[in-house]
Number of protein chains: 2
Amino acid sequence: MSISSRFAVAIHILALLDINKEGRNTSEFIAGSVNTNPVVIRRVIGLLGKAGLVHTSPGVGGASLARPPREINLLDVYRAVQNDPPGELFAAHDNPNPKCPVGQNIQGTLETVFKQAESAMENELAKVTLDQIIFDLVRGDR
Amino acid sequence: MSISSRFAVAIHILALLDINKEGRNTSEFIAGSVNTNPVVIRRVIGLLGKAGLVHTSPGVGGASLARPPREINLLDVYRAVQNDPPGELFAAHDNPNPKCPVGQNIQGTLETVFKQAESAMENELAKVTLDQIIFDLVRGDR
DNA sequence: GTTATTGTAACTACAATGGTTACAGGTGGT
DNA sequence: ACCACCTGTAACCATTGTAGTTACAATAAC
């Protein structure tokens, strides 16, 4: 299955928080841009807050970036909203038969390969900062 | 969510088909090694067959590798069993608001980044052949 | 204090997955 | 030709993750 759209929504939110940093970024306003329900936005912001990417406060307009956009990369965001623990993008099958030479060793073998593939993906995400995303968004708007 | 365990099961099956190429690889036998239901095995073999990685025939013990293990890499296997079309490991959110500068351009921006990350992962998978997997399995058995 | 907004719980609908049973149809040995 | 075995596939179920929605107590700003 594919990676949840929370990731895309989270990037959208963060970009909006920076671009509209002068305005009041209520969950309803953000939901209007993302085109979803305000509660969905609040849930994602909650995850971003727990990860230390945004500061939140109850009451009015309570979210803002916790760091400058240059210091937030997409791997930070990915990890914040992807609740699967790191190293588990790929799922191994459980309990292969230990009496079989394949079953006995397959998990260790796969783990190595899976970790490499996952790391390669994450390294690409880590290369891209929120800064660059925002630049690209604004540029596209001309 | 994580990538379905069909991928791990498929690799297991292919390795077993090669290692036990002298024996009768019935779906029940393979299921014993993978530790699942024979129908699950037949389903995965069906996908591998459609992708041209194995030859299958109804009746007894009907699956064998269609190519030598050196000519099968894990990206082949991944694509065979992952029914999501390529380029959609990451899901974008639909219908962002076109009236908003962020909503208007976010999809194009994300598409580029997502494709890069996905490609990086797939390149790692493409580097690993079934040959190497089998070597690693057999080596671990000593 | 009143109003607007957040944080969170609860519920629903939906899709993907993996396990299971069932069975029609093909294969190979005798 | 017969028979035992196996495949391919459909159908169904339970589980899980996701996203949308309603509701509401708690909190901040004015």
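**Close-up views of a predicted protein–DNA model**

**View 1. The surroundings of DNA strand D.** Around DNA strand D there are 25 residues, the closest being S5(A), T36(A), R43(A), R42(B) and G59(B), where a residue is near a strand if one of its heavy atoms lies within 4 Å of it. Of the atoms of DNA strand D that come within 4 Å of the protein, 62% belong to sugar and phosphate. This is a predicted model in which local features need pLDDT of at least 70 and side-chain atom pairs count only at pLDDT 80 or more, while totals for chains, interfaces and linings use all residues. Residues are numbered from 1 along each chain as its sequence is written, chains are lettered from A and ligands numbered from 1 in the order in which they are written, and side-chain values use heavy atoms, with hydrogens and water left out.

**View 2. Polar contacts with DNA strand D.** A polar contact here is a pair of N or O atoms within 3.5 Å. R42(B), in turn, places a polar side-chain atom 2.7 Å from a base oxygen of DNA strand D.

View 3. An N or O atom in the side chain of R42(A) is 2.7 Å from a base oxygen of DNA strand C, whereas S5(B) has a side-chain N or O atom 2.5 Å from a phosphate oxygen. T36(B) likewise has a polar side-chain atom 2.5 Å from a phosphate oxygen of DNA strand C.

**View 4. Aromatic pairs in chain B.** Rings of Phe, Tyr and Trp (its six-membered ring) pair if their centres lie within 6.5 Å, and planes under 30 degrees apart count as stacked, over 60 as edge-to-face and the rest as tilted. By this rule there are 8 aromatic pairs over all chains. The ring centres of F7(B) and Y78(B) are 5.4 Å apart with the planes at 75 degrees, so this pair is edge-to-face. Both F7(B) and Y78(B) are buried, that is, under 20% relative accessible area, with exposed meaning over 50% and partly exposed in between (1.4 Å probe, protein chains only). For F90(B) and F114(B) the centres are 4.7 Å apart and the planes at 20 degrees, so this pair is stacked; F90(B) and F114(B) are also buried.

Key
Polar contact = N/O pair within 3.5 Å; in protein donor to acceptor, adjacent residues only side chain to side chain.
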